[in-house]
Amino acid sequence: MDRERLDRPVRLAVVEDLPVVLEGMRSWVAADPLKRVEIIASGDTLEAVLDGPGADADVLLLDLELNGVLMIGRIPELCAQGRRVVVYSVHEDEETVLNVLKAGAATFITKGESAEHCLETIVAVAWDRPYVTPTMAGALVVADAGTARPMLSAREREALLLWFQGMNKQSVATRMGITEATVKQYIERARIKYASTGRAAPTKTTLLARAIQDGLITPDDIIEYQSFAADGPQN
Amino acid sequence: MTVTAPELLVAQRYSKASTRAAVTIAAAWHLGSDLPSTIFGWSEYRWPLLALGAWILYSVIGVAASVALLNPGRRLPFGPWASAGLALVSGAVVIVACRPEAIMSAANWGWGSVGWLALILFWPRRTWPSDLAVFFLINALIMLAGMAAADSLDRVWIGKFLVILFGSMTLQAGASAGAHAFDLAAHWAADNSSILARAEATQKAAEQVHADRLRRYAQARQAAAPVLTRLAEGADPSDPDVRHQCAVGAARLRRLIAETDDAPNPLLHTLRACVFDIERRGVVVNLLTAGTVPPLPLEVRQALIEAPLEALARARTQARVTLVATANQVIISVLSDAEEFVVPEPDGVRVATQVEGGLLWIESGWTAP
């Protein structure tokens with residue numbers, strides 16, 4: 001887990017019960033000019049994927065609803081095993097998004113998200129970097145406004161909102177009168193703040209450690225956020 | 001009938017007043033007339049203690065009946081006729097207690113007085129007139145039997161009997177009829193008043209509907225008239241500017257139709273309806289929402305949706321529409337390949353725009369005051 005950059009493609013295992021979605025994912029992966037991702041295993045149940053070569057995958061892409069059953073309950077054990085779980089789903093309401101993140105998943109992608117966002121997400125997660133999809137950004141904004149003790153700063157909130165609205169990071173930067181790097185920092189910091197709530201998992205610890213290493217947050221920040229998590233709502 | 005209507009409360013208050021009056025009359029009669037008659041006629045009785053017992057029995061029935069009448073939750077045990085039977089017994093006991101020669105004296109107060117008890121007992125019954133009639137008849141027969149036993153059935157005594165009988169019956173039945181009529185009048189007045197209020201409310205609602213219709217007609221006219229006039233004057237329908245104006249007009253008409261639908265989330269419903277129409281024009285629209293929209297007045301919804309709607313209507317091939325809602329803030333944004341236009345800024349909302357990389361971004365936000 002301490003690799004800075006992978007000198008090989010990210011090994012991805014996909015758990016998906018719809019062949020057409022799996023084919024779509026394969027074609028996205030194949031179409032990436034940088035060939036950053038390689039699908040090493042796929043199947044329609046977790047067991048089918050993890051009992052085979054999928055056990056060594058860098059990232060596990062999990063369809064939230066497999067054969068009509070929601071998989072939120074399985075996420076904590078996967079994260080406890082040290083797996084980086086990316087959940088993707090047609091359910092994009094903020095409650096589902098937050099529950100998935102609280103369960104320990106690294107990121108949430110909706111099936112409406114573009115190929116670019118999808119691959120970016122997988123690669124970022126493989127490097128233990130926070131990646132916020134626009135859908136997640138919307139859910140974070142709404143969830144933060146709904147809590148008694150909001151964690152996001154006004155600027156972080158604005159950056160997330162514009163990101164959700166579909167602007168690219170350069171446009172968000174122009175709108176906010178800041179640099180693109182700062183926009184990235186705001187969005188990622190927001191993600192880190194929410195990563196420290198909910199269930200603890202090795203993947204989260206790595207994410208937080210990386211965030212400190214990158215100067216995104218300080219160790220003091222984490223203590224503060226964990227104290228929030230301790231008495232915050234847990235679903 | 002609803003108990004909460006003020007007219008009915010007034011009517012009930014009148015009803016209560018008349019029942020209280022009935023109870024008061026009966027009590028006053030029993031204390032002011034029956035009691036002195038018993039005391040001053042003590043020597044007229046064969047068995048004075050029996051007369052006193054009858055007076056006490058009468059009092060007990062009177063108290064129980066009054067309590068039941070004044071508290072709608074309470075009921076008399078065994079119903080009013082059981083108590084009425086006891087009342088008749090108390091009247092008969094007084095007759096028996098009297099010496100035969102005193103049967104027409106004031107000391108024999110019972111048979112003239114039990115009618116007041118009957119008045120209270122039968123008060124809440126719909127059948128009170130027939131109940132009272134039967135009661136009076138039995139009471140008269142008991143008295144006649146008593147007179148027969150005392151061997152006092154000559155013309156003079158029968159004459160006295162009839163005078164007292166009709167005197168007391170007129171007072172008692174008259175009081176009951178008068179009070180019930182009073183009660184009925186109060187209910188009629190209340191009913192009339194509530195019918196009038198309903199009619200007024202219906203008329204006000206109709207006026208409101210009419211005003212809304214006129215307002216919507218004006219809005220529809222505003223949405224469609226300029227572009228229709230332009231087309232009628234020979235504008236070229238293939239001119240992009242005319243087409244944009246048509247699209248905006250169509251979107252506004254769509255919004256007018258959608259916003260009166262009875263939907264759980266009217267703002268999202270209107271937005272979806274507009275998106276649906278624009279998709280049919282071949283524009284790829286991605287609509288995303290986060291949060292629950294708080295209840296908003298129609299004016300706010302209209303103001304909030306106006307600028308995004310126009311941006312959507314002007315989109316050429318693609319648009320991303322988002323709705324973010326928290327308890328005190330609602331923000332709609334459209335990111336589309338529409339050309340820049342003069343963005344409407346209705347009162348009560350804040351509109352922002354930005355053009356970059358060939359995309360037009362519009363955000364319309366409302367914050368709770």
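I take helices as DSSP runs of H or I with at least four residues and strands as runs of E with at least two, numbered from the N terminus. By that count, chain A has 11 helices and 7 strands.

I note that this is a predicted model, in which local features need pLDDT of at least 70, side-chain atom pairs count only at pLDDT 80 or more, and totals for chains, interfaces and linings use all residues. Residues are numbered from 1 along each chain as its sequence is written, while chains are lettered from A and ligands numbered from 1 in the order in which they are written.

Entry: chain A overall. I call a residue buried if 20 or more other C-beta atoms lie within 10 Å of its own, exposed if 12 or fewer, and partly exposed in between, with C-beta atoms placed from the backbone. Of the 235 residues of chain A, 45% are buried. I count two residues as in contact if their C-beta atoms, placed from the backbone, lie within 7 Å. Of the contacts in chain A with a separation of 6 or more, 66% are between residues 24 or more positions apart.

Entry: I found the annotation "modified residue: 4-aspartylphosphate" on A:Asp63 in an unreviewed UniProt entry. UniProt positions are in the numbering used here, feature names are shortened, and annotations may be inferred rather than shown by experiment. A:Asp63 lies in strand β3 of chain A, residues 59–63. Is A:Asp63 buried or exposed? I find A:Asp63 buried, because 20 other C-beta atoms lie within 10 Å. Leaving aside neighbours within four places in sequence, A:Asp63 contacts A:Val15, A:Glu16, A:Asp17, A:Tyr88 and A:Ser89.

Entry: where the chains meet. The contact takes 17 residues from chain A and 15 residues from chain B. On the side of chain A, α6 (134–146), α7 (154–164) and α8 (169–176) each give two or more residues. The largest share, 7 residues, comes from α6(A).

Entry: The unreviewed UniProt entry lists several spans as "transmembrane region", among them residues 78–97 and 132–150 of chain B. I checked residues 78–97: the end C-alpha atoms lie 27 Å apart, and the span is 95% helix and 0% strand. Residues 132–150 of chain B also gave 27 Å between the end C-alpha atoms, with 95% helix and 0% strand.

I then looked at α3(B) and α4(B). Residues of α3(B) including B:Pro80, B:Ala84 and B:Val94 meet residues of α4(B) including B:Gly110, B:Trp111 and B:Leu121.
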